[in-house]
Amino acid sequence: MSGAISILIAILAALKQSDIITKTDWLFFAATLSSLPFWYLTSDPLWAVVVLTTVDLLGKARPG
């Protein structure tokens, strides 16, 4: 449910053009999506959580 809400917010922001999506945003988005193969290949959600937590911390640490 939270994923659907996030996508809806992203679509509304893109339509309103209130936020500009930067190359860094796309980089973090791709890094977040990389957690799914970790989960699939290892059959252990721990590695997906590790990747997501790392990306989240790096995303919050960047200026702007």
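Which residues make the nonpolar surface patch of about 670 Å²? The patch is made by I21, W26, F29, L33, L36 and W39. The model is a predicted one, in which local features need pLDDT of at least 70, side-chain atom pairs count only at pLDDT 80 or more, and totals for chains, interfaces and linings use all residues. Residues are numbered from 1 along each chain as its sequence is written, and side-chain values use heavy atoms, with hydrogens and water left out.

**The nonpolar patch**

- Helix 2 (23-33) and helix 3 (35-42) each supply at least two residues of the patch; helices are DSSP runs of H or I with at least four residues, numbered from the N terminus.
- Helix 2 gives the largest share of the patch, three residues.
- Patches are made of residues with over 30% relative accessible area and no salt bridge, where like charges are joined within 9 Å and nonpolar side chains (Val, Leu, Ile, Met, Phe, Trp, Tyr) within 5 Å.
- A salt bridge is a side-chain nitrogen of Lys or Arg within 4 Å of a carboxyl oxygen of Asp or Glu.
- Accessible areas come from the Shrake-Rupley method with a 1.4 Å probe, and for residues only the protein chains shown count as cover.
- L33, a patch member, lies in helix 2 and counts as partly exposed because its relative accessibility is 44%; buried means under 20% relative accessible area, exposed over 50%, and partly exposed in between.

**The aromatic pair**

- One aromatic pair is found in a search of the whole structure.
- The rings of W26 and F29 have centres 5.9 Å apart and planes at 80°, so this pair is edge-to-face.
- Rings of Phe, Tyr and Trp (its six-membered ring) pair if their centres lie within 6.5 Å; planes under 30 degrees apart count as stacked, over 60 as edge-to-face and the rest as tilted.
- Both W26 and F29 lie in helix 2, three residues apart, which is about one turn of the helix.
- F29 has a relative accessible area of 45% and is therefore partly exposed.

- T32 is placed in helix 2 and is partly exposed, with a relative accessible area of 31%.
- Apart from neighbours within four places in sequence, T32 is in contact (heavy atoms within 4.5 Å) with L52 and V55.
- T32 and V55 are 23 residues apart in sequence, while their C-alpha atoms are 6.4 Å apart in space.
- The T32 side chain reaches the backbone oxygen of F28 at 2.8 Å.

- V51 belongs to helix 4 (residues 45-61) and counts as buried because its relative accessibility is 15%.
- Leaving aside neighbours within four places in sequence, V51 is in contact with A31, S34, S35 and F38.
- Between the C-alpha atoms of V51 and A31 the separation is 7.9 Å, although these residues are 20 residues apart along the chain.
- S35 lies in helix 3 and, at 4% relative accessibility, counts as buried.
- With neighbours within four places in sequence again left aside, S35 is in contact with A48, V51 and L52.

**The loop residue S43**

- S43 is found in the loop between helix 3 and helix 4.
- The phi of S43 is positive, at about 55°, although S43 is not a glycine.
- S43 counts as exposed because its relative accessibility is 63%.

Note on methods:
Buried means under 20% relative accessible area, exposed over 50%, partly exposed in between (1.4 Å probe, protein chains only). A polar contact is a pair of N or O atoms within 3.5 Å; within protein, one must be able to donate a hydrogen and the other to accept it, and residues adjacent in sequence count only if both atoms are side-chain atoms.
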